[in-house]
Amino acid sequence: AVKVDFFSISYRQLEKQVADDVNVAMERVCGTLEQESSRLTQTMGETIFELFMSLKILKGFREFLPLKDAKMLALTGFHNWFKSSIHKWLQIVHDRSCDRIRKAVEMDK
């Protein structure tokens, strides 16, 4: 009756709040890692990767927004928040791949 697009309003608000919270959290995580010269643990790397994938899914819902609402949203460029984690993710994938290959070779013997 009033022709209000509740999805667009809800999505934009949720997306903005999530982006603000995650951006602050990732700045804090990256700052802590740089200050303490500590390394990202495997558990932490996996958790951050899961967060990245969840944000990617959330960002995917923008395809249901009207074009006028989908231009500059808060999650545009969210992948930049995770640049410092990419090396650890690749290391985890490498380690897991090596473990799986070793196990396959052992079972094959």
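In this predicted model, Asp-20 and Lys-16 both belong to helix α1, where 4 residues, about one turn of the helix, separate them. Their side chains meet in a salt bridge with an N to O distance of 2.9 Å. Asp-20 counts as partly exposed because its relative accessibility is 36%, and Lys-16, at 42%, is likewise counted as partly exposed.

A search of the whole structure finds 4 salt bridges, and another of them lies in helix α3, where Arg-102 and Asp-99 are 3 residues apart, again about one turn of the helix. The side chains of Arg-102 and Asp-99 come together at 2.9 Å, N to O, with Arg-102 partly exposed at 48% relative accessibility and Asp-99 partly exposed at 38%.

The salt bridge between Glu-46 and Arg-96 has its closest N and O atoms 2.3 Å apart. Because Glu-46 lies in helix α2 (residues 42–60) and Arg-96 in helix α3 (residues 86–108), this pair ties together parts that are 50 residues apart in sequence.

Glu-15, in helix α1 (residues 6–35), counts as buried because its relative accessibility is 1%, under the 20% cut-off. A polar atom of the Glu-15 side chain lies 2.6 Å from the backbone nitrogen of Leu-75, and, leaving aside neighbours within four places in sequence, the contacts of Glu-15 include Arg-62, Leu-73 and Thr-76.

On the surface, Val-2, Val-4, Phe-6 and Ile-9 form a nonpolar patch with about 400 Å² of accessible area together. Val-2 sits in the segment before α1 and counts as exposed because its relative accessibility is 65%.

Definitions and conventions. Residues numbered from 1 in each chain as written. Predicted model: local features only at pLDDT ≥ 70, side-chain atom pairs only at ≥ 80, totals over all residues. Heavy atoms only, no water. Helix = DSSP H or I, 4+ residues; strand = E, 2+ residues; numbered from the N terminus. Buried < 20%, exposed > 50% of the residue type's maximum accessible area, 1.4 Å probe, protein only. Polar contact = N/O pair within 3.5 Å; in protein donor to acceptor, adjacent residues only side chain to side chain. Contact = heavy atoms within 4.5 Å. Patch = residues over 30% accessible without salt bridge, like charges linked within 9 Å, V, L, I, M, F, W, Y side chains within 5 Å. Areas by Shrake-Rupley, 256 points an atom, 1.4 Å probe, with all protein chains shown as cover.
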